[in-house]
2 protein chains.
Amino acid sequence: MNHPSIDPLLHGSSAVRRRAMAKAITLLESTRPDHRAQADELLTALLPHTGRALRLGISGVPGVGKSTFIEALGLHLIREHALKVAVLAIDPSSTVSGGSILGDKTRMEQLSNEQNAYIRPSPSGGTLGGVAEKTRESMLVCEAAGYNVVIVETVGVGQSEIAVHGMTDMFCVLQLPNAGDDLQAIKKGVMELADLVVINKADIDPHAAMRAQAQITSSLRLLMLHGNPDHDWKAGLVWRPKVITLSALKGEGVDEFWAVVSEFRAMQTGSGRLTARRERQALAWMWERIDAGLKHAFRQHPQVQALLPRLQAEVAGGRLAPSTAARNLLAAQMDKAQAAID
Amino acid sequence: MNHPSIDPLLHGSSAVRRRAMAKAITLLESTRPDHRAQADELLTALLPHTGRALRLGISGVPGVGKSTFIEALGLHLIREHALKVAVLAIDPSSTVSGGSILGDKTRMEQLSNEQNAYIRPSPSGGTLGGVAEKTRESMLVCEAAGYNVVIVETVGVGQSEIAVHGMTDMFCVLQLPNAGDDLQAIKKGVMELADLVVINKADIDPHAAMRAQAQITSSLRLLMLHGNPDHDWKAGLVWRPKVITLSALKGEGVDEFWAVVSEFRAMQTGSGRLTARRERQALAWMWERIDAGLKHAFRQHPQVQALLPRLQAEVAGGRLAPSTAARNLLAAQMDKAQAAID
């Protein structure tokens with residue numbers, strides 16, 4: 001029944017599985033058109049074996065202690081709960097530089113030496129949407145290979161947080177125990193995405209951490225009055241986003257973190273909200289990729305490329321209405337096909 | 001030289017101009033395909049006569065007193081500064097209901113009786129992007145007809161504020177003198193768009209208004225550290241968004257408001273930032289319309305319509321990867337044209 005290439009992934013020994021995972025993810029990350037067809041076949045074959053992991057998104061600005069936290073959490077889950085943990089990353093800087101600052105194994109030395117941990121750096125190159133697609137698909141490989149928890153981390157800049165929120169079951173924002181950050185996160189519209197806010201490095205200044213906890217809790221109450229279908233402060237109180245403090249460096253509070261995650265998970269599976277969230281995510285993702293594909297095809301179209309520089313200059317110079325230029329360019333893309341048909 | 005239809009708009013008597021404006025805007029708002037070609041011709045003919053007005057965006061939640069403020073401002077500009085004032089609106093509810101709550105003349109009874117005022121309600125029907133396009137184009141008609149100030153108002157909900165910010169030279173947010181609103185505006189990412197925040201109804205509770213002024217000023221300082229190319233708190237201090245208090249009902253503070261607007265205008269024209277802002281807006285608008293057109297054509301495509309329901313169900317059910325579905329649908333749209341060519 002199964003696609004032959006996924007057998008080692010599903011049933012191999014630990015070492016065989018790892019090699020199969022690396023091979024599968026390399027195929028998914030390839031940009032060669034013939035690889036893309038194979039990758040689609042692989043994905044379709046994998047899908048029946050996916051979906052059982054807890055997909056956990058972790059975001060936070062540089063310096064907040066994400067690596068330390070993920071390492072502490074991963075070791076806790078492997079050693080205390082006998083779980084298999086995969087760590088993936090979306091690094092927006094990798095779309096520019098082609099290099100990746102995130103997810104490299106040297107950052108999480110202890111975790112990367114664990115048999116039951118799998119750490120993969122951020123894919124690099126291309127648009128954020130392209131990088132996110134590769135991570136999203138790699139997540140499916142990890143699930144098929146039997147990993148129980150897939151952590152997807154990202155830095156707290158730009159649109160990458162929205163991408164990670166769009167592919168995980170639970171989205172956590174790490175904060176430093178000072179109030180200024182609060183406003184930045186609210187500004188970027190990230191706070192309202194958070195199912196859980198973690199104030200890390202609480203050991204450095206416990207008082208500041210408690211103040212931040214109170215402040216963020218009251219901000220969340222205001223923000224959550226609208227918008228997030230997984231939160232509800234008024235009717236039924238389905239989930240009230242929590243704010244906890246911990247110290248990843250000292251390993252304090254990691255068990256409490258996991259208790260909150262488990263509570264959220266129970267709410268999600270009991271209420272049907274997990275299915276609904278994943279459905280929303282999958283459809284939103286499909287449309288996001290369609291939009292990206294449409295724009296790409298448009299910009300690649302010879303008639304559009306021929307017209308664009310002049311029209312863009314005329315629009316910028318105020319000699320042509322933007323809507324007229326848009327209609328002309330759209331017509332140019334159509335006409336080519338039309339002319340060929342006629 | 002001029003397109004014949006725009007002569008009455010440029011040179012007619014006051015009554016003739018008004019009729020020509022109404023006729024031109026009706027043409028621009030028409031959805032008939034043959035009208036669209038005429039509208040594009042009209043727009044291109046109008047463009048050389050546009051761009052001289054000050055385009056002022058006004059936003060604020062229902063109840064903040066926008067109509068009262070705009071009426072007081074309009075009368076002030078007409079009577080004290082001998083300016084001609086046009087008021088347009090973007091009402092997001094009109095995209096759903098087909099009706100318009102904004103911009104009706106009965107709301108601004110005194111202003112609508114002025115010879116030198118022109119008030120046009122929000123266009124209705126279609127998407128927000130479509131409604132915004134019509135308002136943007138109507139603005140050009142008002143400019144060609146010699147209006148010196150074009151006010152575009154919108155309610156403080158949804159994406160309509162971003163649309164108004166994207167077509168005006170200066171964007172003002174009206175606030176009530178209570179602190180809770182503050183966070184809402186920050187959350188929605190509107191505050192960082194504001195060139196000027198106006199705390200209205202200051203007469204009701206002057207103390208609360210002053211507290212709000214201090215609070216919003218400090219919030220703006222944090223928000224403006226990043227992002228808005230027209231603001232700069234660090235290098236050079238090009239424009240530090242201001243927060244003023246006034247009472248539109250009592251007519252107090254309207255002259256101060258206009259003084260700040262004039263100061264901003266002088267900064268913009270002196271520094272070349274007005275040209276840069278309008279260029280950015282025009283290009284962004286062109287791409288926004290292209291994206292909307294691409295999506296529309298995609299959804300209308302027969303092959304896509306034939307495939308979409310099944311693929312969408314499979315993606316939602318987790319049996320097909322979103323990226324695979326996206327690629328199949330994009331290929332379906334291409335294949336049709338391809339098949340016809342072959």
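Okay, a quick definition before we start: two strands count as paired if DSSP finds at least two bridges between them. Keep that in mind, and remember that this is a predicted model.

Let's begin with chain A. Strand β6, residues 196-199, pairs with β7(A) in the parallel sense, over four bridges. If you want one of the residue pairs to click on, go to L196(A): its bridge partner in β7(A) is K242(A).

Now zoom out to the whole sheet. In chain A there are seven strands in an open sheet, and reading across you get β3-β2-β4-β1-β5-β6-β7, with parallel pairing. So which strands stand at the edges? In chain A they are β3 (117-119) and β7 (242-245); each has a single partner strand, so one side of each has no neighbour in the sheet. Going from one strand to the next, the twist averages 20°.

Over to chain B. Here too we have an open sheet of seven strands, in the order β3-β2-β4-β1-β5-β6-β7, and the pairing is parallel. At the edges of this one stand β3 (117-119) and β7 (242-245) of chain B, and because each has a single partner strand, one side of each is left open in the sheet. Ignoring direction, neighbouring strands are turned by 20° against each other on average.

Strand β1 (54-60) of chain B runs parallel to β5 (170-175) of chain B, and four bridges join them. One to find on screen: S59(B), whose bridge partner in β5(B) is V173(B). Then there's helix α4 (66-81) of chain B, which packs on the sheet and touches β1, β2 (85-90), β3, β4 (149-155) and β5 of that chain. The direction of α4(B) makes about 175° with that of β4(B).

Chain B brings 51 residues to the contact and chain A brings 51 residues. About 4,700 Å² is buried between them, and carbon and sulfur atoms give 71% of that.

How many salt bridges are there between chain B and chain A? The count is eight. Have a look at D40(B) with R327(A), a salt bridge where the closest N and O atoms are 2.5 Å apart.

As for the side of chain B that touches chain A, the elements giving two or more residues include α3 (33-46), α7 (128-144) and α12 (273-300) of chain B. The most comes from α12(B), with 14 residues. By type, the residues on that side of chain B split into 27 nonpolar, 10 polar and 14 charged.

Terms used: Residues are numbered from 1 along each chain as its sequence is written. Chains are lettered from A and ligands numbered from 1 in the order in which they are written. This is a predicted model: local features need pLDDT of at least 70, side-chain atom pairs count only at pLDDT 80 or more; totals for chains, interfaces and linings use all residues. Side-chain values use heavy atoms; hydrogens and water are left out. Contact means heavy atoms within 4.5 Å. Buried area is the accessible area (1.4 Å probe) that two parts lose on being put together, summed over both. A salt bridge is a side-chain nitrogen of Lys or Arg within 4 Å of a carboxyl oxygen of Asp or Glu. Ala, Val, Leu, Ile, Met, Phe, Trp, Tyr, Cys and Pro count as nonpolar, Asp, Glu, Lys and Arg as charged, and the others, Gly among them, as polar. Axes are lines fitted to C-alpha atoms, for helices over the stretch in contact, and angles run from 0 to 180 degrees between N-to-C directions.
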